Amino acid sequence: MIPIGVVVCVMGGWCTVYLTDTLLRSSSSLKNRYESWLSSNGFTLSPFHIKWHTSIFNRLFARCAHLNPHFLYIWFNAGMVFGILAMFGSVFLLSKTLLQTLSQMMADTPVGSHEQVLQVVVPGVNLPVSQLAYFFIAILISGVIHEFGHGVAALREQVRLNGFGMFMFVVYPGAFVDLFTTHLNLISPVQQLRIFCAGVWHNFMLCVAALSFLFLLPVFMFPFYYTGAGALVTEVMEGSPSSGPRGLFLGDLVTHLEDCPVRGVQDWHNCIQHLSHNPQAGYCVHTAKLQLSWMAGRAYKRLDGTMECCGNNSMSDLCFSYSNNVESKLFACLSVRKTIEASRTCRTNTDCQTDFIPGLCLIPSLENQTRLIRVKHPPQTDMLFVGYPSHLQYSVSLTNFVPRLGFLHPDLPVMLETFCKYLVSLSGALAVVNAVPCFALDGQWILTAFLDATLSSVIQERNNRELIGFFFMLGGSALLAANVALGLWMVTAR
């Protein structure tokens, strides 16, 4: 659920703003000056909504609209084609998402929602509170770029721009452009399409730019950070299996999980998946060392059918199974660190017969699904983890980027990487949602202009074309509303 502290801060902030606004408006001495200040600066206040409108950016929009006429003609024509395709594609995507949601609702064991392209985001539920800043800044930038596209396209088509503005509704920021409606209605449907499609087109190009920056981030960071040497630990969850005196610490460089090399964060996840989906590996131990360290212990079955032979609940001892030439399966309770220190992994005794020194392959006897994993982070002593691999996977935060100089903060590339991912996700979502033929969204005007451009010779009565568009928009609105409602239910109720 959403943290109570966040709700209290939001409600408290809006109550303070509304109370201050009410007091100033009711003051006989300050009312006129206050209202005059709001009007002159373009501010409008209402409960949970602040809007700012200005014309100071009109000259910037005009300059951008006349930079390179030929290029802009190609640019916005490409945007028009993309916008029309996005309108139809968004309907397909929302229909597919709705079917996936319905199948998850009816399934006895719901499949993870990570397979869905579109997801409803609820702060504090499926969006970490620690990443709210990325979320809201990415929304604001995506909205500004979206409206910038509309404004430049409108001026290029000789439609007057009255101004540009920004707003905040509850906690969600946004932007808008104020166009002269009379001019907009006088131009041709194709010109209208260039304007209406410009927003989603610019959101798509922002996605492309953010993705490019994300892929080229190692190149940009190369003078200050290097990659490919391992996964650098940036945070360890307090009280997790990875913490402790012999655990992982901030700045440690993980290079191996058992014999699986870790060159970056993706390798970390891949190695853990590999270790969790394969049987527990054994460790080669010399026969003489085994005899010296063997501790007698009566083996017994656990509830899950696995064997246990360490009855003292020691934090340093573990039950190992092995076989020799006489008996097929034996058990020994041994000190974990002393037993596997500097040992290589094995599957059978044959893997341990080297250098004419007799050795045995000792396999930890653990509960089902748990693993003994040796985490190598030189020059420190190997960390030994016993438990579910997923607990190890998500108990630490890692980055691919290792600072070349001591004063460089390891979180900087992580912040840039995270922000780019949010920008791609939210700008892409804004492009998809705005392209839906739905009332009050860009898709409404894209559909209307598209029908006027394609059906005017077939259906000459404008009212008939508007009726067709109305039914299409009714279906698109219902589709979007169903996705949002069911998505919210899936995220919050389940």
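Q: How many disulfides does the structure hold?
A: The structure, which is a predicted model, holds five disulfides, a disulfide being a pair of cysteine sulfur atoms within 2.5 Å. Local features here need pLDDT of at least 70 and side-chain atom pairs count only at pLDDT 80 or more, while totals for chains, interfaces and linings use all residues. Residues are numbered from 1 along each chain as its sequence is written, and side-chain values use heavy atoms, with hydrogens and water left out.

Q: Okay, and how far apart are the sulfur atoms of Cys284 and Cys352?
A: The sulfur atoms of Cys284 and Cys352 are 2.1 Å apart, and with -80 degrees about the S-S bond this link is left-handed. Cys284 lies in strand 10 (residues 282–286) and Cys352 in the loop between strand 15 and strand 16 (359–364), so the pair ties together parts that are 68 residues apart in sequence. Strands (E, at least two residues) and helices (H or I, at least four) are DSSP runs, numbered from the N terminus.

Q: Are Cys284 and Cys352 buried or exposed?
A: Both Cys284 and Cys352 are buried; the word means under 20% relative accessible area, with exposed over 50% and partly exposed in between (1.4 Å probe, protein chains only).

Q: What about Cys310, which cysteine does it form a disulfide with?
A: Cys310 forms a disulfide with Cys333, with the sulfur atoms 1.9 Å apart, and the torsion about the S-S bond is about 120 degrees, so this disulfide is right-handed. Cys310 lies in the loop between strand 12 and strand 13 and Cys333 in strand 14, so the pair ties together parts that are 23 residues apart in sequence.

Q: And Cys207, where is the nearest cysteine sulfur?
A: Cys207 is in no disulfide, and the nearest cysteine sulfur, that of Cys420, is 11 Å away. Cys207 is buried, with a relative accessible area of 9%.

Q: Switching to the sheet, in what order do the five strands come?
A: The order in this open sheet is 14-13-16-10-15, with antiparallel pairing, where two strands pair if DSSP finds at least two bridges between them.

Q: Why is one side of strand 14 and of strand 15 left without a neighbour?
A: Strand 14 (330–335) and strand 15 (345–346) stand at the edges and each has a single partner strand, so one side of each has no neighbour in the sheet. Strand 14 is joined to strand 13 (residues 317–322) by six bridges, and Asp317 stands opposite Ser335 in strand 14.
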